[in-house]
Amino acid sequence: MLRIVLSRLVLLALPFVVWFVWREIARRSGRPMGATPWAWLAAIAAALFALSLMAGAVFHDDNRAKVYVPAEASGDGRIVPGRFDKR
């Protein structure tokens with residue numbers, strides 16, 4: 001779960017990071033820079049986030065035909081993780 005959240009946060013930050021790195025490179029080379037296009041950066045970030053949600057829905061395993069078996073403690077104290085079993 002944490003990996004998914006972090007990957008989506010990276011996708012949200014990616015347009016801003018690319019813009020500010022490019023702006024710094026352009027500024028060091030002497031090119032004049034205009035104002036930061038905040039609306040465009042936010043729109044690109046939102047589009048990347050939406051694409052990641054759609055890709056997650058398309059490529060995620062479907063578990064509607066399965067039954068969830070919750071985690072349980074076995075007799076020797078080990079924890080057996082939860083899983084989906086076929087009906």
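In this predicted model, the contact of helix H1 with helix H2 (contact meaning heavy atoms within 4.5 Å) brings Arg 8, Leu 11, Leu 12, Leu 14, Pro 15, Phe 16, Trp 19 and Phe 20 of H1 against residues of H2 that include Trp 38, Leu 41, Ile 44, Leu 48, Phe 49, Ser 52 and Gly 56. Local features need pLDDT of at least 70 and side-chain atom pairs pLDDT 80 or more, whereas totals for chains, interfaces and linings use all residues. Numbering runs from 1 along each chain, and side-chain values use heavy atoms, without hydrogens and water.

H1 (residues 2-28) and H2 (residues 38-59) pack at about 150 degrees with their axes 8 Å apart, which makes H1 roughly antiparallel to H2 (angles over 145 degrees count as such). The crossing of H1 and H2 is right-handed.

The largest pocket holds about 160 Å³ of space (on a 1 Å grid with a 1.4 Å probe, a pocket is an open set of points with protein on both sides within 12 Å along at least five of seven lines, and lining residues have an atom within 4 Å of a point). Its lining comprises Arg 3, Ile 4, Ser 7, Arg 8, Leu 11, Ser 52, Gly 56 and His 60, and H1 gives the largest share, 5 residues.

Terms used:
Axes fitted to C-alpha atoms, helices over the stretch in contact; angles between N-to-C directions. Helix = DSSP H or I, 4+ residues; strand = E, 2+ residues; numbered from the N terminus. Parallel < 35°, antiparallel > 145°, perpendicular 65-115°, else oblique. Left-handed = near helix turned anticlockwise from the far one by under 90°. Points joined across faces, edges and corners; volume = space filled by probe spheres on them.
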